[in-house]
Amino acid sequence: MTLVTDVRLRRVLDSRGNPTVEADVLTEEGGFGRAAAPSGASTGEYEAIELPAAEAIAKAREDAVPRLVGEVHAGNQREVDRALHVADGTEDFSGIGANSAVAISMAAAKAGASVTGAPLYQHLGGTFRGNNYPIPLGNVIGGGEHAADATDIQEFLAAPVGAPSVSEAIFANAAVHGEVHDILMERDEPAGKGDEGAWAPSIDDEEAFEIMDEATTTVADEVGFEIRFGLDVAAAEMYDEAEGGYVYSDRVRSTEEQVEYIADLVAEYDLKYVEDPLDEDDYEGFADLTEKVGDRTLVCGDDLFVTNTDRLGEGIQQGAANSILIKPNQIGTLSDAFDAIELAVENAYGHVVSHRSGETEDATIAHLAVATDAPFIKTGAVAGERTAKLNELIRIEDNAV
Ligand SMILES: C=C(OP(=O)(O)O)C(=O)O
Ligand SMILES: [Mg+2]
């Protein structure tokens, strides 16, 4: 146990060029941890509240820092996170901002680890962690809220399920990203990149499926292991009740049609993973789809569950989805994220640890994934703020952290 002696907060840049909160936690025995909050663009309605960075910092300095310094121990994550909740005093972290909370929570974990000398994933997960690695889901074509004038579906994700190691999986995803570029060039479809480093061409979803199929098959043949692909539909962003359902560029799909459409895509492309295929309020639609395809693919709730145990509990009761996306900033602390993971694991739901579209060099989620034996991590394929996490996974595998 190491007493917190100082908490420093500052504004730093995220990958979109927006200000975000960075926290330093210092402790007795020279402990030190630094972490920064990520930020979403296609945020779920039920997420904890992110305040403007300057406001979050001011509120946390006033209300949280006095409850932490000289009061809590960085090695005791639940004590730290309880103090953050008490300081905040709301249900959704709108008091001090989930961005201040998550930065402090993660920085405290790193400070606690630094005193013991254990790598963060062991500090969080125990000494027996570090033998299993998540399969990285690599965003290689993207649109939705992450890029203008691109696909309706937000993310097309390479899934190197047959990779013998996490580093080979990571390099395979980068190769798929490169192959997609080559195919786009052949098709005379110039493309910039979206917020997460995925290609964002002006093509329709149908063409993106063709390209993903070709790119993953080509790279799988080259590397000699199976590479499938999956989607983050981010359907809550498409759903418009007044329009009668899910608004695509070329048509509107009713809920029944959306379930059929996604089930057909799973069958046609043997999709490994489908995130947020339905609106964030539609547990029933999620349950219908899970009933249809849940034995073949991961149906994952992101905006549906927002890393929240109450919402996950409801999903478990209704059979909605069979996996949960874990984004610590959606719920505000590492303890809350762990609670969601534990509830998922107890109920045979998979968990997928995830970045946000706005990111920093912070690599905490790589450790969180290894610490909790996550079967998957979603953290992009290229771009510095994405490779920060991917390269950290390579280092963890190489015993170099
Ligand atoms: C990473 C995602 O995007 P954002 O951070 O914009 O919510 C997502 O929707 O899964
Ligand atoms: Mg999502």
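This is a predicted model: local features need pLDDT of at least 70, side-chain atom pairs count only at pLDDT 80 or more; totals for chains, interfaces and linings use all residues.
Residues are numbered from 1 along each chain as its sequence is written, while chains are lettered from A and ligands numbered from 1 in the order in which they are written.

Let's begin with the sheet. Three strands make an open, antiparallel sheet in the order β1-β2-β3 (strands are DSSP runs of E, at least two residues, and helices runs of H or I, at least four, numbered from the N terminus; two strands pair if DSSP finds at least two bridges between them). At the edges sit β1 (4–13) and β3 (32–36), each pairing on one side only. Strand β2 (residues 19–27) joins β3 through five bridges, and A23 stands opposite A35 in β3.

Now for helix α13 (residues 364–371). Eight of its eight residues are buried, so the rest of the structure largely encloses it (buried means 20 or more other C-beta atoms within 10 Å of a residue's own, with C-beta atoms placed from the backbone). Just after α13, D373 takes a positive phi of about 55 degrees.

Finally, the ligand. Residues surrounding ligand 1 include G40, T43, D232, H355 and R356 (near means a C-beta atom, placed from the backbone, within 6 Å). Domain 1 (4–117) and domain 2 (135–397) both give residues to this shell, so ligand 1 lies between them; the domain bounds come from an automatic or database domain assignment.

Technical notes:
A residue is buried if 20 or more other C-beta atoms lie within 10 Å of its own, exposed if 12 or fewer, and partly exposed in between; C-beta atoms are placed from the backbone.
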